[in-house]
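Please examine the sequence and the three-dimensional model shown below.

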Amino acid sequence: MKIYLSADIEGITGIADWAEADLSKPDNAEFRERMTAEVVAACEGALAAGASEILVKDAHWTGRNLLAERLPRQATLWRGWSGHPYSMVQGLDRSFAAALFVGWHSGGAKGGNPLAHTLSSGSLLGIRVNGQWVSEYQLHAWTAALEGVPVAFVSGDADLCAEVQAMDTGATAVDTMRGHGAAVQSRHPAESRERIREGVRQALAPLRARPARLAESFEVQVVRKDARDAYRRAFYPGARLVDPVTIGFTTRDWFEVMRLLQFVCG
Ligand SMILES: [Zn+2]
């Protein structure tokens, strides 16, 4: 059984400030360690459930956060960013039985996490699909669905976990903390690790989750913070300016949405 694991940091237990998510800042050291420990816990749960291979995508910021020496030998590690439209799930294909998202977070224009954002915290307010603000979880659950792969497990903030349940795919969600404005109340890190390990094991043996359901068509709105940036990026083929900060795009093909996002979000 091949398992895909995508790791972010803004939903790792207790993280509350951008300095803690930034590899170049001393505050990051504790959270880089904890991110690695939560990924290791998820790998242990997957191996206990019968996984033979795990592809781990380091999907936060530089893509260079995880401490490779700590991962089990059955894991291979994908670091950095290529620009492929699959973004945080690059390398995922039909050969994988399931995907696991560890350390994920609430989306832009929502509360639930002091570091809430969708794809870009600096330049975007958020992204709407068919009228709803979406998180990175939804974007990549739909991307995994293009390959027929279910997201079987998600860990992160409590609001994100509620969103995972609302998608109704049978995925297991483990909350590590709850956001209150710029503050968080988090579990003990050891408690989070135990819940992640057990949650992954139970999510995979037996595998209950189904691939997310893709809509017939997609009305996408990328809402930027700066009108000058929105104007320039609205020249992406097929895109249009909906209002001074909003880039609109309509398609029936989810891959085209992910391709668009590679070019209009940065
Ligand atoms: Zn991140």
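Is the crossing of helix 2 and helix 6 left-handed or right-handed? In this predicted model, the crossing of these two helices is left-handed. Helix 2 covers residues 136-146 and helix 6 covers residues 254-264; their axes come within 10 Å and cross at roughly 135 degrees. Because angles over 145 degrees would be needed for a roughly antiparallel arrangement, helix 2 and helix 6 are oblique to each other. Helix 2 contributes Trp142, Thr143 and Leu146 to the contact, and helix 6 contributes Trp254, Phe255 and Met258. By class, the residues of this contact are five nonpolar and one polar, with no charged residues.

A second pair is formed by helix 1 (residues 28-48) and helix 4 (residues 189-204), whose axes come within 7 Å and cross at roughly 30 degrees. Since angles under 35 degrees count as roughly parallel, helix 1 and helix 4 are described as roughly parallel to each other. The crossing of helix 1 and helix 4 is right-handed. Among the residues of helix 1 in this contact are Arg34, Glu38 and Glu44, and those of helix 4 include Arg193, Arg197, Glu198 and Arg201. The contact of helix 1 with helix 4 comprises nine nonpolar, three polar and seven charged residues.

These helices belong to a protein with six helices and 12 strands. The C-alpha trace spans about 50 × 40 × 30 Å along its principal axes. For 266 residues, a compact globule would have a radius of gyration near 18 Å, and the value of 17 Å for the protein agrees with this. Of the 266 residues, 47% count as buried. Among contacts with a separation of 6 or more, 66% are between residues 24 or more positions apart.

Ala205 and Pro206 are joined by a cis peptide bond, with omega about -5 degrees; Pro206 lies in the loop between helix 4 and strand 10 (218-224). In the loop between strand 4 (98-104) and strand 5 (124-129) is Ala109, which has a positive phi of about 70 degrees although it is not a glycine. Leu119 is also found in the loop between strand 4 and strand 5, and its phi, near 65 degrees, is likewise a positive value in a residue other than glycine. Ala109 has 16 other C-beta atoms within 10 Å and is therefore partly exposed, whereas Leu119, with 22 C-beta neighbours inside 10 Å, counts as buried.

How values were computed: Residues are numbered from 1 along each chain as its sequence is written. This is a predicted model: local features need pLDDT of at least 70, side-chain atom pairs count only at pLDDT 80 or more; totals for chains, interfaces and linings use all residues. Axes are lines fitted to C-alpha atoms, for helices over the stretch in contact, and angles run from 0 to 180 degrees between N-to-C directions. Helices (H or I, at least four residues) and strands (E, at least two) are DSSP runs, numbered from the N terminus. Angles under 35 degrees count as roughly parallel, over 145 as roughly antiparallel, 65 to 115 as roughly perpendicular and the rest as oblique. A crossing is left-handed if the near helix is turned anticlockwise from the far one by less than a right angle, and right-handed if clockwise. Two residues are in contact if their C-beta atoms, placed from the backbone, lie within 7 Å. Ala, Val, Leu, Ile, Met, Phe, Trp, Tyr, Cys and Pro count as nonpolar, Asp, Glu, Lys and Arg as charged, and the others, Gly among them, as polar. The radius of gyration is taken over C-alpha atoms; the globule rule is 2.2 Å times the number of residues to the power 0.38. A residue is buried if 20 or more other C-beta atoms lie within 10 Å of its own, exposed if 12 or fewer, and partly exposed in between; C-beta atoms are placed from the backbone.
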